[in-house]
Amino acid sequence: MSIALTWHGHANFQLVHPACNIIIDPFFMANPVAVTTWNVISPPDVVLVSHLHADHAGDAVDICRKTGAMLGAVVGAADILEKSGVPKVQIINGIGFNIGGTIEVKGGVKVTMTEAFHTTEGGAPTGFIITFPDGFTVYHAGDTGIFANMAVWGELYDIDLALLPAGGVFTMDPRQAALAAKMLKAKAAVPMHWGTFPGLEQSPDAFLRELAERAPNCRGIAMKPGETVTL
């Protein structure tokens, strides 16, 4: 079955599969490059939040409250989001889950939480490996610098698509992100966390050049905010 991947700018991705509709880091209302608002997208079943910076937690509380979506976040961050208004019954596992842990969210879709090297307002920064029932696997790195354990995740999981920050300043730059794709053995990679604010990389071009050099077997996919591709 196909998966529709939509990039809403920054680190905000929606994955629509017949078994489960997932949105990650739903930063809409204050996102200067978003071309839509959260209340007109297809309502998600699951909202995943990598960390509590405002440009990632974004509109997660409002989305969960208005749609009934389940919230997935690391222990600690989940508690803060509950206190911010997400009903406890909508917190996956009641209190969230943690790095290395895997949960089934809906329809056989599984989410594994990974580490990320960054800062955060509570809990810990994380990434997610999402495995769909047909085996298609997506890695969302969250905000992170490059780290050696990416190679371990690449050994453990057959990663079809990696969503990698490549904007520099606060996360990996294009060269680091390209090497990360190689370490992950990803078949394809989409750069994110670029172009949103001044100071970040303003195009995906440098990432695509670095990827072609460092990971020639990985296909680079440059998306525009609001664009949807079928996986």
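F117 counts as exposed, at 52% relative accessibility; exposed means over 50% relative accessible area, buried under 20%, and partly exposed in between, for a 1.4 Å probe and protein chains only. F147, by contrast, is buried, with a relative accessible area of 7%. The model is a predicted one, in which local features need pLDDT of at least 70 and side-chain atom pairs count only at pLDDT 80 or more, while totals for chains, interfaces and linings use all residues. Residues are numbered from 1 along each chain as its sequence is written, and side-chain values use heavy atoms, with hydrogens and water left out.

Rings of Phe, Tyr and Trp (its six-membered ring) pair if their centres lie within 6.5 Å; planes under 30 degrees apart count as stacked, over 60 as edge-to-face and the rest as tilted. By this rule the count comes to four aromatic pairs. In one of them, the ring centres of F117 and F147 are 5.2 Å apart and the planes stand at 50 degrees, so the pair is tilted. F117 belongs to the loop between β7 (109-115) and β8 (126-131), and F147 to the loop between β9 (137-140) and α4 (150-156), so the pair ties together parts that are 30 residues apart in sequence. Here helices (H or I, at least four residues) and strands (E, at least two) are DSSP runs, numbered from the N terminus. The rings of W153 and Y157 are also tilted, because their centres are 6.1 Å apart and their planes at 35 degrees. W153 counts as buried at 10% relative accessibility, whereas Y157 is partly exposed at 21%.

Two strands pair if DSSP finds at least two bridges between them. Six strands form an open sheet with mixed pairing, in the order β5-β4-β3-β2-β1-β13. Its edge strands, β5 (70-72) and β13 (228-230), each pair on one side only. Strand β1 (residues 4-7) and β13 run antiparallel and are joined by three bridges; T6 stands opposite T228 in β13.

Within the sheet, strand β3 (residues 20-24) contains N21. N21 is buried, with a relative accessible area of 8%. Its side chain and that of S42 are joined by a polar contact of 3.0 Å. A polar contact is a pair of N or O atoms within 3.5 Å; within protein, one must be able to donate a hydrogen and the other to accept it, and residues adjacent in sequence count only if both atoms are side-chain atoms.

Attention now turns to helix α6 (residues 205-214), where A206, F207 and L211 are buried. Seen down the helix axis, the buried residues of α6 fall within an arc of 130 degrees, so they line one face of the helix; the arc is that of the directions from the helix axis to the C-beta atoms. On the other side of α6, R209, A212 and E213 are exposed. The cover over the buried residues of α6 includes α5, β11 (188-192) and β12 (219-220).

A166 lies in the loop between β10 (161-165) and α5 (174-184), and is buried, with a relative accessible area of 3%. Leaving aside residues up to four places away in sequence, A166 touches several residues, including P174, A177 and F207, where contact means heavy atoms within 4.5 Å.
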